[in-house]
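Please read the following report alongside the sequence and the model.

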Amino acid sequence: MTEQGREAQIQKILEKYTTQGFYEQMGISPGVLKISEEVCGHLKERFAQFDQTAEANQLKVIGAMQKNRISAEHFNGSTGYGYNDAGRDDLEKVYADTFHTEDALVRTQITCGTHALSLALGANLRPGDEMVSISGKPYDTLEEVIGIRPSRGSLAEYGITYNQVELKEDGSFDFDAIRNALRPRTRLAAIQRSKGYLTRPSLSVDQIAEAIAFVKELRPDIIIMVDNCYGEFVDVCEPSDFGADMTVGSLIKNPGGGLAPMGGYIAGTKECVENCAVRLTSPGLGREVGASLEVNRSLYQGLFLAPTVTAGALKGAVFAANLFERFGFRCIPDASERRNDIIQAIEFGTPEGLKRFCEGIQAAAPVDSYVTPEPWAMPGYDSDVIMAAGAFIQGSSIELSADGPLHEPYAAYFQGGLTWEHAKFGILKAFQKLADAGLIREL
Ligand SMILES: *Cc1c(COP(=O)(O)O)cnc(C)c1O
């Protein structure tokens with residue numbers, strides 16, 4: 001072969017190996033890709049802000065690890081009772097220092113976010129107490145925890161009553177109504193940062209700070225619990241910086257950084273956290289027991305990665321809002337709104353649209369990309385739910401995932417992405433599925 005011929009051959013191979021070429025091989029049409037690049041072009045400033053927050057939070061986490069002199073020994077696990085597990089115990093100090101709280105309980109024995117919240121409530125309320133949600137209806141699964149929907153073992157069965165203050169029309173706290181709702185028996189006020197499966201806006205840390213100050217001024221004895229699911233590291237501050245007595249979340253969301261294989265955390269006052277510890281294990285045993293097995297390293301490394309993973313997820317969410325809004329889909333938050341969590345809701349208005357979106361997210365996954373998501377009656381939810389996730393950690397929602405209940409307005413709640421690149425691909429794949437089904441106007 002001539003030198004020229006060889007060069008031409010090399011050139012031909014190189015042409016195939018462009019980003020655009022890979023997208024095309026992965027089923028993204030040139031038209032969709034062109035729209036994508038236009039959208040991305042407008043997002044540089046927003047992305048830079050997310051990177052800045054990640055930078056600050058990265059330092060916060062490293063500082064907490066250094067302060068607690070984390071070393072290789074901390075990655076050794078424990079078995080059996082789990083006595084003297086320095087890795088587990090010091091991880092709790094690292095969480096406390098990251099969230100700027102007196103104490104924290106971070107355990108793999110806390111099975112999920114609902115369990116962490118249920119534990120925080122059950123451990124700190126006593127028969128005759130009342131809890132009040134001051135951010136409206138709580139997350140679906142908490143309805144059974146509280147007993148809003150009658151359920152075996154609910155707080156209601158233990159004689160703990162519940163009251164609810166709706167958010168105002170614009171999604172802000174209704175301070176007058178909160179004042180009126182506080183009764184002598186009120187022992188705990190709950191605030192949910194993220195919208196969950198609702199289409200209200202998620203609350204900012206500033207708004208939460210104001211609500212905490214308001215309640216504490218009226219009633220310093222009331223425990224404030226914040227459901228922080230999906231909110232961690234979205235901001236440089238956390239609700240715990242403003243006096244929340246308990247800040248609660250799941251390790252298979254933001255703070256686990258995608259590496260934590262399970263678990264939940266409660267960061268807060270010594271008093272509240274101790275109550276949670278004895279409730280999680282047993283009175284008298286408390287936090288002294290609970291083997292960490294082999295997972296300490298993943299929990300530390302996941303927390304270390306969490307700030308940048310969260311930034312990647314935020315980029316994906318903003319990209320999705322900007323892409324879909326352009327084609328007439330209502331997005332919550334909208335394309336330009338400030339972010340208070342990593343969740344992006346997109347309303348499709350039809351079951352078909354919601355299903356296609358989820359199929360696209362699934363088809364873009366590194367794991368289980370070949371399966372088709374189907375709606376099912378998931379425990380804890382009162383209507384069928386469709387979920388898309390091809391994750392390394394089952395059910396992890398810091399990994400790229402989408403879900404939505406099969407009822408009006410047929411909104412997909414989309415979140416996560418361990419890398420921005422994967423989030424982008426998933427969103428494009430979902431967009432392509434809708435386009436192929438003729439569900440995108442103007443295409
Ligand atoms: C995910 C979530 C929960 C519950 O977490 P699970 O781990 O799914 O049990 C609670 N509240 C909010 C706002 C959530 O996003």
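The model is predicted: local features need pLDDT of at least 70, side-chain atom pairs count only at pLDDT 80 or more, and totals for chains, interfaces and linings use all residues. Residues are numbered from 1 along each chain as its sequence is written, and side-chain values use heavy atoms, with hydrogens and water left out.

**Domains and their interface**

The domain assignment gives domain 1 as 26-54 + 304-436 and domain 2 as 80-292; such bounds come from an automatic or database assignment. Taken over C-alpha atoms, the centres of domain 1 and domain 2 are 27 Å apart. Domain 1 brings 33 residues to the contact and domain 2 brings 33 residues, where contact means heavy atoms within 4.5 Å.

Between them, domain 1 and domain 2 bury about 2700 Å², and carbon and sulfur atoms give 59% of that area. Buried area here is the accessible area (1.4 Å probe) that two parts lose on being put together, summed over both. Of the area that domain 1 buries against domain 2, Asn340, Tyr381 and Tyr413 supply 21%, more than any other three residues.

One salt bridge is counted between domain 1 and domain 2. The term means a side-chain nitrogen of Lys or Arg within 4 Å of a carboxyl oxygen of Asp or Glu. The side chains of Asp235 and Arg338 form a salt bridge, with 2.9 Å from N to O.

On the side of domain 1 that touches domain 2, α11 (296-326), β10 (385-389), β11 (401-405) and β12 (411-415) each supply at least two residues. The most come from α11, with six residues. Helices (H or I, at least four residues) and strands (E, at least two) are DSSP runs, numbered from the N terminus.

**Ligand site**

Which residues are around the ligand? They are Cys112, Gly113, Thr114, Leu117, Tyr139, Gln192, Asp227, Cys229, Tyr230 and Lys253, a residue being listed if one of its heavy atoms lies within 4 Å.

| Residue | Polar atom | Distance to a ligand oxygen atom |
|---|---|---|
| Gly113 | backbone | 2.7 Å |
| Thr114 | side chain | 2.5 Å |
| Lys253 | side chain | 3.0 Å |

**Salt bridges and backbone**

The whole structure holds 26 salt bridges. Asp90 and Lys93 are separated by about one helical turn because they are three residues apart in helix α5 (residues 86-99).

Most residues other than glycine have a negative phi, and most peptide bonds are trans. The bond joining Ile332 and Pro333 is cis, with omega about 0°, and Pro333 lies in the loop between β8 (331-332) and β9 (344-347). Another cis peptide bond runs from Glu408 to Pro409, with omega near 0°; Pro409 is in the loop between β11 and β12. Phe233, a residue other than glycine, has a positive phi near 70°. Phe233 sits in the loop between β5 (223-227) and β6 (246-250).

Methods:
A polar contact is a pair of N or O atoms within 3.5 Å; within protein, one must be able to donate a hydrogen and the other to accept it, and residues adjacent in sequence count only if both atoms are side-chain atoms.
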